[in-house]
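Q: I'd like to learn how to read the features of a protein model with a ligand in it. Could you take me through one?

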Amino acid sequence: MPPRYKFIYFDMKGRGELTRLIFAQGRIEYDDYRITRERWLTEFKSKMPFQQIPVLEFDGHVLAQSQAIAAYAAEITGLCGATPLDRAKARMFAEGAMEAYVEGAWYYFESDKEKKAKLREKFENDTLPRFRNNVEKLLAQNGSDDGWLVGSQLTYADLAVFHFFDGVQGLGMEATSSDTPQLARLLKKIKSEPNISQWLAKRPANPI
Ligand SMILES: N[C@@H](CCC(=O)N[C@@H](CS)C(=O)NCC(=O)O)C(=O)O
């Protein structure tokens, strides 16, 4: 019997959606347990390993830190990369994508008008084009016939990059540009993976 996974996070994509995408692609059944801020503070926060979420619980284990959870989910679904080097590269993309994503989230959640405008400027004119161009370059460097980021098959690196650009669109910005055709192809391919497209159709609608 496979373990019963319980994935605890807020009702948003944020630091949780990469694991949800990996579970979707790997057809792993899990409890997508979304909590309100109020429940977080009153019932959950003090009990979590680092007083943060996401957290994955199964078989009496409690796993925290979004990157560790995503790497574990990728491991059990065969999406982590074929060799130690590929696994390190996949992790490189997952961490890079999340670092860039978080900058977009800071902009999204900022309530002070002036600070928000500055954060948007930085994200839209620096973080986003830089990450986009870097991914395009790294796709060419990998040279996979099928256009994957690491090795010759889909890994969670592709899902991590997809998650970042999905968030970009959630912020009302253009994901790709005319200078990034390989990236545009990659995002389209991921969107049309049957397991992913099923998840995208049924997941709660949150911008980021
Ligand atoms: N390094 C951690 C950061 C986790 C984190 O910042 N989680 C936020 C939500 S995205 C959180 O738990 N916020 C509520 C709080 O800190 O009280 C990870 O990647 O999981």
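Q: Which residues surround the ligand?
A: A word on the model before we start: this is a predicted model, where local features need pLDDT of at least 70 and side-chain atom pairs count only at pLDDT 80 or more, while totals for chains, interfaces and linings use all residues. Residues are numbered from 1 along each chain as its sequence is written, and side-chain values use heavy atoms, with hydrogens and water left out. A residue is near a molecule if one of its heavy atoms lies within 4 Å of it. Around this ligand you find Tyr9, Phe10, Arg15, Trp40, Lys45, Gln52, Ile53, Pro54, Gln65 and Ser66.

Q: How many residues of the shell are nonpolar, polar and charged?
A: Ala, Val, Leu, Ile, Met, Phe, Trp, Tyr, Cys and Pro count as nonpolar, Asp, Glu, Lys and Arg as charged, and the others, Gly among them, as polar. Here the shell has 5 nonpolar, 3 polar and 2 charged residues.

Q: Which side chains have a polar atom at 2.6 Å from a ligand oxygen?
A: A polar contact is a pair of N or O atoms within 3.5 Å; within protein, one must be able to donate a hydrogen and the other to accept it, and residues adjacent in sequence count only if both atoms are side-chain atoms. Lysine 45 places a polar side-chain atom 2.6 Å from an oxygen atom of the ligand, and serine 66 has one at 2.6 Å from a ligand oxygen too. For glutamine 52, the distance from a side-chain N or O atom to an oxygen atom of the ligand is 3.5 Å.

Q: Where is glutamine 65 found, and what is its phi?
A: Look in the loop between strand 4 (61-64) and helix 3 (66-77). Glutamine 65 is not a glycine, yet its phi is positive, about 75 degrees. With a relative accessible area of 40%, glutamine 65 is partly exposed; buried means under 20% relative accessible area, exposed over 50%, and partly exposed in between (1.4 Å probe, protein chains only).

Q: Is arginine 27 buried or exposed?
A: Arginine 27 counts as exposed because its relative accessible area is 59%. Its place is the loop between helix 1 (17-25) and strand 2 (30-35). Phi of arginine 27 is positive as well, near 55 degrees, in a residue other than glycine.

Q: Where does glutamate 174 lie?
A: Glutamate 174 is in the loop between helix 6 (156-170) and helix 7 (181-191), and at 62% relative accessibility it counts as exposed.

Conventions: Helices (H or I, at least four residues) and strands (E, at least two) are DSSP runs, numbered from the N terminus.
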